[in-house]
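Hi everyone, thanks for coming. Let me put the structure up, and then we can walk through a few spots together.

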Amino acid sequence: MIRRKGNLIKMDTPHTSLVLKAEGDGAELLYYGKTVRFGPDFSLLSGEDKRLLFSSYGSVDFRESGLVVLLSDGSAATRFSFVRVRRMEKPSALPLPASYGEADTVCLEFADEYAKLRLYLYYSVFSDCDAIAVNVQLTNAGKKPVRIRKISSLQLDLIGEGYSLVTFDGSWGAERTRHETPVNGTLVCNESRTGSSSPFHNPFVMLERKGEVYGFNLVYSGNHRETAEGNNRRQLRFLSGIGGLFEWTLEAGETFTAPEAVMTFGENRDEVTSSMQTFAAEHIVRGRWQKRVRPVLVNNWEGTYFAFDRERILTIAKASAEAGAELFVLDDGWFGHRDDDTSSLGDWTDYAEKTGGLASLADEIRALGLKFGIWMEPEMISEDSELYAKHPEFAMRPMRREPARMRNQLMLNLADKQVQNYVVRAVSNIIASTKAAYVKWDYNRHITDPYGKGVAAGEYAHRYILGLYAVLQRLTEKFPLVLFESCASGGGRFDPGMLAFMPQTWTSDNTDARERLTIQEGTAYAYPTISMGAHVSASPNYQSGNRTPLETRFNVACGGVLGYEMDISRLDDREKEIVKAQIAYYKKYRELFQFGRYYRLEEKDGTGGFVFVSADQTKAIAVVTAKEKVTGQANARYRLKGLNPQYDYIVKPREQSNYASCEEFTAAGDMLMQGGVPTDLFCDTENDTNSVYARMLFLRRAPARR
Ligand code: DGJ
């Protein structure tokens, strides 16, 4: 809800309030936090130093500014005054993905008359998730071009001490590991310069101190930069927006739209997670798959890598169908003459010697009762390819300089319309000819030689992302029934921008259960678990070498959308039976796994697990986990979350071959949440040298006692 009183604007979600003051020389943030009444005197909140909604370069405020524009007269200072505020519809048809759905929107307009610039800040209030989305546009109303050096999507000025910036960082195979950095007298920065949102620093961050947690994310898949700058006047400035090399020429009459930012406030991390997950699930993910249960898939990548033929694929597919899987995904290696990662990207034609005919292979897989899905890496080009021989100019590289190669490949210049058309055609042909129900859209390198003919270097990275979004828009409109899963060497592009087109993202190439707990927990801080691909793979694990019981691998993979990534035809009969039982169990409770409300059971890193609770709180599934040996768990207890304290629950540990069987028991909801479950439930009988434990508990409401 948005209300105005004089020059005050108050935005409320059920649990938060944002209060602004907009007048002559600008706009001031008076309050953002837990709900407050529209009380008599907000001016008390106006401090010695104003908290700004945006800061432009060249003023007496020498902290990092959110807006830096180089003017045609050679100067770089801009000063905006407030023009007006309007209630309006949330802007649609933006060149970038943005949130949608029921929201109240207000637009604040500012002008710099000297520079002939107009700045528009749109705040959209989403009540169902206590989130506020912010859109920023800058219009050049003058007659000469200006150059935008920086345009932040969000600025939040806070007053206070003792905040930490919580970031989710990592690298390939170790994405979104949580770190906390105190913000004291300097600038703390979280930035991606890879051209993508990157595995190194996710755009989701939090600012927190006791009882106060702010969450921020950016609906963008390119370079991003989040900074928190503190000083000894108790000021803290948070900025989020495009990062990396950026300089954009805004011609006379043009408008630049910054990526959408979203912010939430909670009294603890769980509240921020709930808001961020709901925001993404309800207002970012869209289309046919948004509310549909997701299929259990089997992917052949870790089972075969490039070494497969038709027979091998059909053998795996047959075993997958027998186990109860629903979708078979043919991964890398089916096109051009690709037998390793040195060739063929860009040649999206059947490698018939290997597949024995791709279209008929897809038909045969369907005849087994499975849907057919396919892997592609459409943004890339191999120099050893027909495409490169014909169109070397499609590659992103300055032609006379030796380019940097990653995984032996180059990228396509998606900033170019002709290249965009090529990608749309190539992907469309494969979907149409194989009748694919699912596409895994991979992206296995970063931008190193940003170059496109006629594109200024400072504009390249953003123009690439605009090109990518244009392609994704066309393809998702053309194939609305297809389930797209985005991937970037695992979870290198897990961000709301990609989720706006693809409802799932492959969380990480690291499928080791122990390490996955950390990666999945970090990811689920901001992203719905139904958007996280999570697969059971072979043991010992190919990435870590760890041995983990099949049941443990399954329990951990149930923290996302379940799949199997192995040659399940090579499992022994006992293991095949276990997999069959797992898939049946997962399908039985799939609504709860995929749409239940997620809670993190965080005791220590990886020790705790997660719970999914049904909307009416009558059912829950908990996976309680530990990364230490049972002896290291002495007297540890798992306090569950999200249950109804008034209900009693029958708790039934799922029968697992690696645990001694355990009787079901009845316990009160409040006791389970406050007292907790003892770790005695951990008695892994199959492998006592293992370094990760995970036990699944099913809870259902017990009949009320009389
Ligand atoms: C990286 C992905 O993350 C893997 O799952 C697999 O698809 C490979 N690429 C294939 O090259």
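Let's start with helix H7, residues 417-434, and helix H8, residues 457-478, which pack at an angle of about 30° with their axes 10 Å apart. Axes here are lines fitted to C-alpha atoms, for helices over the stretch in contact, and angles run from 0 to 180 degrees between N-to-C directions. Helices (H or I, at least four residues) and strands (E, at least two) are DSSP runs, numbered from the N terminus. H7 and H8 are therefore roughly parallel to each other, a label for angles under 35 degrees. Their crossing is right-handed, that is, the near helix is turned clockwise from the far one by less than a right angle.

Before I go on, please keep in mind that this is a predicted model: local features need pLDDT of at least 70, side-chain atom pairs count only at pLDDT 80 or more, and totals for chains, interfaces and linings use all residues. Residues are numbered from 1 along each chain as its sequence is written, and side-chain values use heavy atoms, with hydrogens and water left out.

Now, which residues of H3 and H5 meet? Arg 310, Ile 313, Leu 314 and Ala 317 in H3 meet Ser 360, Leu 361, Glu 364 and Ile 365 in H5, where contact means heavy atoms within 4.5 Å. The axes of H3 (residues 310-323) and H5 (residues 358-367) come within 10 Å and cross at roughly 20°. That makes H3 roughly parallel to H5, and H3 passes H5 in a right-handed crossing.

On to the ligand. There are 13 residues around the ligand, and Asp 331, Asp 332, Lys 440, Asp 442 and Asp 509 come nearest; to be counted, a residue needs a heavy atom within 4 Å. Asp 331 has a polar side-chain atom 2.7 Å from a ligand oxygen atom. For Arg 407, a polar side-chain atom lies 2.9 Å from an oxygen atom of the ligand.

Last, two backbone details. A cis peptide bond joins Ser 539 and Pro 540, with omega about 0°; Pro 540 sits in the loop between strand E29 (532-537) and helix H11 (550-557). Ser 198 is not a glycine, yet its phi is positive, about 80°. You'll find Ser 198 in the loop between strands E13 (187-192) and E14 (205-209).

Key. Angles under 35 degrees count as roughly parallel, over 145 as roughly antiparallel, 65 to 115 as roughly perpendicular and the rest as oblique. A polar contact is a pair of N or O atoms within 3.5 Å; within protein, one must be able to donate a hydrogen and the other to accept it, and residues adjacent in sequence count only if both atoms are side-chain atoms.
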